[in-house]
Amino acid sequence: MQPLTRARHPRAPRHVRLLRPAVAAVAVLAAVLIPVALGVTAAPAASSTLYVDQANPSCSDAAGSGSPSQPYCHIQPAANQLGASWQTVLVAAGTYPEKATIKGKNGTASAPLVVRAADGASVTVRNVVNGFAVSSSSYLIIQGFAVTATSGVGISVSGSAHVSIVGNHASYAGQPVDGQIAQGIKLSGTNDSLVQANVTDHNTDAGIQLVSGSTRDTIQGNESLANARGYIRAAPGIDLRAPGNSVIGNRSHDNEDSGIQTYDPGGSELIADNVTYFNGDHGIDDLRASSQRIIGNSVWWNFTAGINVEGSSTGGVVENNIVVDNGYGLTPCITPDPNKTTCAARTRGNIRADKDSFAGTTVDYNLTWLNNPPAPAVAYVWNTSSYTSLTSFRQASGQGANDLWQDPKWVSVSGHDYHLTAGSPAIDSANAAVSGEQSVDFDGHARVDDPATPNTGVPAGSFDDRGAFEFQPSGPPPPDNPPAAALQVTPSSGTAPLAVTADAGGSTDTDATPSASYRFDFGDGTSVGPQPGATATHTYTAPCAPCTVTVTVTDSGGQASQATSQVTVSRPPDNPPSAALAVVPSAGTAPLAVTADASASTDTDGTPIAT
């Protein structure tokens with residue numbers, strides 16, 4: 001995008017910088033993901049494309065225009081033609097002082113309608129009410145525009161579905177005057193839509209906002225910064241006021257209010273793998289928003305509590321986050337309190353759940369830390385109490401059983417690089433099974449096992465990292481080693497028949513391919529498995545002196561190892577028979593014939609009665 005020349009709003013942060021390399025990388029990713037998200041099966045044919053180029057001397061807005069040789073001069077007449085015959089509007093470089101209204105335009109999942117900047121072109125839409133105003137439309141993509149200096153919302157979408165706003169730069173919307181503020185991108189009553197890889201900055205309200213029942217929308221891979229009303233602290237980076245949406249992998253910083261906030265009627269949102277820092281209120285804020293999932297975010301140095309859950313925001317889950325140095329009440333004071341030159345200290349701590357929100361809320365597997373905090377140091381707030389340490393928080397609340405209180409070893413907080421370095425306690429220690437945990441990190445990297453770090457997270461064998469970034473070990477990937485098999489058989493000796501239990505539960509496999517199956521050979525011709533369970537039982541009916549029991553443990557990569565144990569099965573002792581005799585009749589006169597019967601005699605050991 002070309003540098004903007006419009007003056008900054010009063011009191012807007014002057015030290016911020018756009019982290020363009022990261023955003024550019026996500027923009028490339030967005031170009032790959034959009035066809036998948038919308039179900040596109042093929043790019044539109046050239047014959048279905050309308051061209052806009054105001055610099056072309058042959059341009060015309062007359063009917064029949066839109067070819068490469070006679071393009072439209074403005075975006076609006078081309079957008080009006082979108083439909084059955086025309087699928088794409090391609091806009092050439094230039095500044096277009098016009099509002100593009102797109103109403104009642106409906107593509108399909110396999111053939112969405114597209115309005116986008118030409119490849120490599122810098123296209124600016126400015127000095128109008130809205131850059132784009134989309135309504136009552138579906139399966140539509142708006143991509144690649146710089147929308148700036150609008151009096152209203154930069155890009156507005158209402159009453160629509162399956163709309164993608166991708167790779168745009170929305171800035172300087174509205175005026176810092178009560179009644180004239182505006183958002184950079186706003187979705188109202190719009191469902192199943194995507195806001196991805198945009199930059200929203202220096203708007204007079206939220207950079208990105210969802211309202212009026214917008215649901216099942218995804219806000220992903222955007223950067224939102226330096227948004228401020230300028231006269232009262234209220235403009236966040238990302239603002240959710242509608243339920244059931246996902247905010248994943250965004251960077252939100254230097255905003256007048258919170259980095260990411262959810263206010264009623266929002267709730268049941270997923271806030272995952274985001275990076276928030278240097279905001280004038282919270283890093284992540286929930287107010288009257290229940291059942292939130294706040295998972296795997298990296299949150300640093302926000303004016304008030306880093307992750308804040310308040311005002312009846314019950315039933316939330318706060319896990320796998322890294323939250324450091326929040327709530328000091330020092331900086332940034334972006335917009336001072338009314339009639340003052342400073343901002344009053346408010347809530348403190350890295351993680352806070354107030355008296356109306358702690359019920360049903362779960363806090364676990366986070367990493368929190370304070371570096372030389374000003375007094376009073378507050379790590380957590382739970383109910384009405386503040387805690388200066390993880391230990392005291394655990395004891396009082398019963399929460400944070402697997403939280404860590406350690407320096408996360410980020411690359412550089414001064415450079416706002418929140419990647420992990422080797423030896424970070426966040427590596428391979430997260431809860432991989434928590435709802436909302438992402439399979440890839442902020443950068444799009446898959447979860448990877450660090451061979452130098454024990455896997456201490458859950459479930460066993462998982463290796464997700466805490467925070468927004470997955471540590472990427474240098475060098476080749478670790479080898480897939482076989483499991484370390486272990487076996488215990490109890491009892492180890494006895495007389496037949498002997499029932500034994502073979503237990504291989506002590507076997508371990510700490511690499512990326514955990515133990516998957518167990519096969520037991522009891523040494524007398526009997527085997528059990530392969531099976532997922534690590535124990536098996538068997539009864540020896542004959543002597544075995546000794547029998548070697550073998551377990552074969554195989555991992556999910558096909559590697560196997562064995563362990564053995566011996567069992568001695570003896571014959572029972574050779575006891576004499578138990579004789580019994582009956583004589584019939586037992587009395588009479590001579591001559592007397594009798595029958596002597598010893599058939600009731602018994603001998604139950606291994607040497608039966610012989611004579």
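This is a predicted model: local features need pLDDT of at least 70, side-chain atom pairs count only at pLDDT 80 or more; totals for chains, interfaces and linings use all residues.
Reader: OK, sheets. In what order do the 3 strands of the open sheet come?
Author: The order is S39-S41-S44, and the pairing is antiparallel. Strands S39 (488–490) and S44 (535–540) are at the edges with a single partner strand each, so one side of each has no neighbour in the sheet. From one strand to the next, the twist averages 20°. For that angle, axes are lines fitted to C-alpha atoms (for helices over the stretch in contact), and angles run from 0 to 180 degrees between N-to-C directions.

Reader: How many bridges join S41 to S44?
Author: There are 6 bridges between S41 (residues 498–503) and S44. In one of them, Val 500 has His 538 of S44 as its bridge partner. Asp 503 is partnered with Thr 535 in S44.

Reader: Which side chains of S44 are buried?
Author: Ala 536, His 538 and Tyr 540, which point to one face. Buried means under 20% relative accessible area, exposed over 50%, and partly exposed in between (1.4 Å probe, protein chains only).

Reader: Now a helix. Which residues of H3 are buried?
Author: In H3 (residues 390–397), Leu 390, Phe 393 and Ser 397 are buried. Down the axis of H3 the buried residues fall within an arc of 60°, so they line one face of the helix. The arc is that of the directions from the helix axis to the C-beta atoms. As background, an α-helix has 3.6 residues a turn, so residues three or four places apart point the same way.

Reader: What covers the buried residues of H3?
Author: The cover includes strands S32 (362–364), S34 (380–383), S35 (385–387) and S36 (404–405). After H3 comes Gly 398, with a positive phi near 75°.

Reader: Where is Val 363, and what is it in contact with?
Author: Val 363 is in strand S32. It counts as buried because its relative accessibility is 3%. Beyond neighbours within four places in sequence, its contacts (heavy atoms within 4.5 Å) include Phe 393, Tyr 380 and Trp 382.

Reader: Which residues touch the most other members of the largest nonpolar core?
Author: Ile 75, Val 115, Phe 132, Ile 142 and Phe 145, in a core of 57 residues. Such a core is a set of buried Ala, Val, Leu, Ile, Met, Phe, Trp, Tyr and Cys residues joined through side-chain atoms within 4.5 Å. Another core of 21 residues lies apart from it, with Leu 498, Tyr 518, Phe 520 and Val 567 among them.

Reader: Switching topic: how many disulfides does the structure hold?
Author: It holds 3. A disulfide is a pair of cysteine sulfur atoms within 2.5 Å. With bonded cysteines counted along the chain, the pattern is 1-2, 3-4, 5-6.

Reader: Which cysteines form them?
Author: Cys 59 pairs with Cys 73, sulfurs 2.1 Å apart. Cys 333 is joined to Cys 343 at 2.0 Å, S to S. Cys 544 and Cys 547 have their sulfur atoms 1.3 Å apart.

Reader: Are those cysteines buried or exposed?
Author: Cys 59 and Cys 73 are buried, and so are Cys 544 and Cys 547. Cys 333 is partly exposed, at 29% relative accessible area. Cys 343 is buried, at 12%.

Reader: Why is the disulfide of Cys 59 and Cys 73 given its handedness?
Author: The torsion about its S-S bond is about 100°, so the disulfide is right-handed. For Cys 333 and Cys 343 the torsion is about 80°, so that disulfide is right-handed.

Terms used
Residues are numbered from 1 along each chain as its sequence is written. Side-chain values use heavy atoms; hydrogens and water are left out. Helices (H or I, at least four residues) and strands (E, at least two) are DSSP runs, numbered from the N terminus. Two strands pair if DSSP finds at least two bridges between them.
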